[in-house]
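Thanks for coming. I will go through one structure with two chains, piece by piece, and give each cut-off when its term comes up.

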Amino acid sequence: MGKTIVEKILSSHTDTDNFKIGDIIKARVDFAFANDITAPIAIKYFKESGAGQVFDKKRVGLIPDHFAPNKDIKSAEQCKLLREFAREYKIENYFEIGKMGVEHALLPEKGLVLPGDIVVGADSHTDTSGALGAFAIGVGSTDLAAIMALGEVWLKVPPTIKFVYSGKLNKWVSGKDLILYTISKIGVDGANYKVMEFSGEAIKGLSMDNRFTMCNMAIEAGAKTGIIEPDKITLEYLKGRAKRPYQIYKSDPDAHYEKIIEIDVSKIEPQVAFPHLPENAKPISKAKGIKIDQSIIGSCTNGRIEDLRIAAEILKGQQVHPEVRLIVIPATQDIYLQALREGLIDIFISSGAAVSTPTCGPCLGGYMGILAKGERAISTTNRNFVGRMGHPESEVYLASPAVAAASAIVGRIASPEEVKQG
Amino acid sequence: MIIKGKVWKFKDNIDTDVIIPARYLNTSDPKELALHCMEDCNPEFVKKMNQGDIIVAGKNFGCGSSREHAPIAIKGAGVSCVIAKSFARIFFRNAINIGLPIFESEEAVDQCLPGDLLEVDTEKGIIKNLSKDKVCKTSPLPEFIQRIISVGGLREYVKKELKRRGENV
């Protein structure tokens, strides 16, 4: 019987032959990383372990992005721990303020995570790199400390659910809408412990930025990770970026899947996920008119250049509604610079938006756009849990950059078509 | 180990943002984190719970972020174990790694009400509801997890493995 892409990647990283789904294997890790929230605990445990050095100085990443640039004294202390550890242990991929970005946008952009890799990050949205055809999973700090010391991770071999997307995307429908729709169909634990393999003609036509968005939110269905087979678009993206050789794996036609779910994308409208779970997605036609106080465009989900281009296309020549704060956060410095060169930053600021240096910031209620009691935001981020962006009695609606930009202009949740023809 | 405690019941999909809101993540001190455990879904929890009490929840407990601060806050507050219909996978790993006992049992969750007194045999996976006089058995932990627990958690496992590798060089 054939193998799935994930089974092939796992086989190439373990000495165990003939493992089956549910088995526990020890696998070699190609790249491991943590941020300013998760690294401090990992560093403490790593030091206690007695390991004199990390398993490979080139294959460990430390990215202060959550509460950085430091939002308060305690955050400053946490970021300082990362900086000092990176210097002491000569970690090559420490990204200082001015060079850093949101980790899941930054690492693929820098060519540090590659097809065929096993990537383990102490952050749940590590699954983002699955868009490159890597097996990328999120873990906690103790796991990461063990990986930094040993270069390997314990894994339970997961079953895979294959999603086949057919048909042509409607105008203003993006990877964000496909993943919100998919989560609404299977629920927030619909893929718990499992892999979501995204495939089909509609995926083949998606840009890398849209693919990253889809894999990024696999965790919101409980998945171990999301993955997309590398193709021409992947290889094009990797040109001039890849920092080391990589291996392309693809699923065999006779590979075994736990389930195959077919989705006709031509029936999907832009989606909006209502509070307080990502599974509460509804078509935009059923979400219009809800008054908002804030709109956030950014994060590891939707802070890439294409996201900013779409937002700018909608905001060009328009003004942000007087009762709305629009905050745009490019996910990395390179994206910020590219947006500046393309004139997108000019459009944002001229429309009345605030533009921030890269940070996770408001996505997890850190800073840079916290909601007061009773306030409501539309956001291109990934979670709308109770209190996620601030006060426990505030609300977050999740949507694409197009919908977030249109809503910022109208002052209520709005379809891009309301502000722009065609 | 035998654990005895009163039940605090929570619904399905309790996420890590309500277990420990991100606004408190600028520290990793268990005592400080414990002060805010479950704050956004039950602000009374930390004030009214007693040491050894048990969290009982629906499906997908601990979904969302990978923050280990979530099981650390629960353990730090003095909760003796968590019983849920199912756990989100990263929370499951984290809880095992830091030594917070967790059990999956639909039956045990459905049987108990807030305030019930439970007795849990962590090795045998037997949950007794002393208030309802009912017993249920959970499936044993996978063998590899038992091995990690038997050496004293993942941190101890790493120390042993580093030592073994050192001897092999």
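Let me start with one residue. L155(A) counts as buried because it has 22 C-beta neighbours inside 10 Å. Buried here means that 20 or more other C-beta atoms lie within 10 Å of the residue's own; exposed means 12 or fewer, partly exposed is in between, and the C-beta atoms are placed from the backbone.

Before going further, some housekeeping. This is a predicted model, in which local features need pLDDT of at least 70 and side-chain atom pairs count only at pLDDT 80 or more, while totals for chains, interfaces and linings use all residues. Residues are numbered from 1 along each chain as its sequence is written, and chains are lettered from A and ligands numbered from 1 in the order in which they are written.

Back to L155(A), which sits in strand 7 (residues 152-156) of chain A. Helices (H or I, at least four residues) and strands (E, at least two) are DSSP runs, numbered from the N terminus. Leaving aside residues up to four places away in sequence, L155(A) touches I25(A) and A27(A). Touching, or contact, means that two C-beta atoms, placed from the backbone, lie within 7 Å. As for D346(A), L155(A) is 191 residues from it in sequence and 47 Å from it in space, C-alpha to C-alpha.

Further along chain A, strand 17 (residues 376-379) and strand 18 run parallel and are joined by four bridges. Two strands pair if DSSP finds at least two bridges between them. One such link is between R376(A) and its bridge partner in strand 18 of chain A, E395(A). In a regular strand, side chains alternate between the two faces of the sheet. What about the faces of strand 18 (residues 395-398) of chain A? Both are covered: E395(A) and Y397(A) are buried on one side, V396(A) and L398(A) on the other.

Next is helix 14 (residues 401-410) of chain A. Since 10 of its 10 residues are buried, this helix is largely enclosed by the rest of the structure. Among those buried residues are P401(A), V403(A), S407(A) and V410(A). After helix 14 of chain A comes G411(A), with a positive phi near 90°.

Now chain B. Its secondary structure consists of eight helices and seven strands. The radius of gyration of chain B is 16 Å, close to the 15 Å that the globule rule gives for 169 residues, so chain B is as compact as a globular protein of that length. That radius is taken over C-alpha atoms, and the rule is 2.2 Å times the number of residues to the power 0.38. Of the 169 residues of chain B, 49% count as buried.

In what order do the seven strands of chain B form their open sheet? The order is 4-3-2-1-5-6-7, with mixed pairing. Strand 4 (102-104) and strand 7 (134-137) of chain B are the edge strands, each pairing on one side only. Inside the sheet, strand 2 (residues 54-57) and strand 3 (residues 81-84) of chain B pair in the parallel sense over four bridges. There, I55(B) has V82(B) of strand 3 as its bridge partner.

Last, where the chains meet. The contact takes 44 residues from chain A and 37 residues from chain B. On the side of chain A that touches chain B, helix 5 of chain A gives the most, with six residues.
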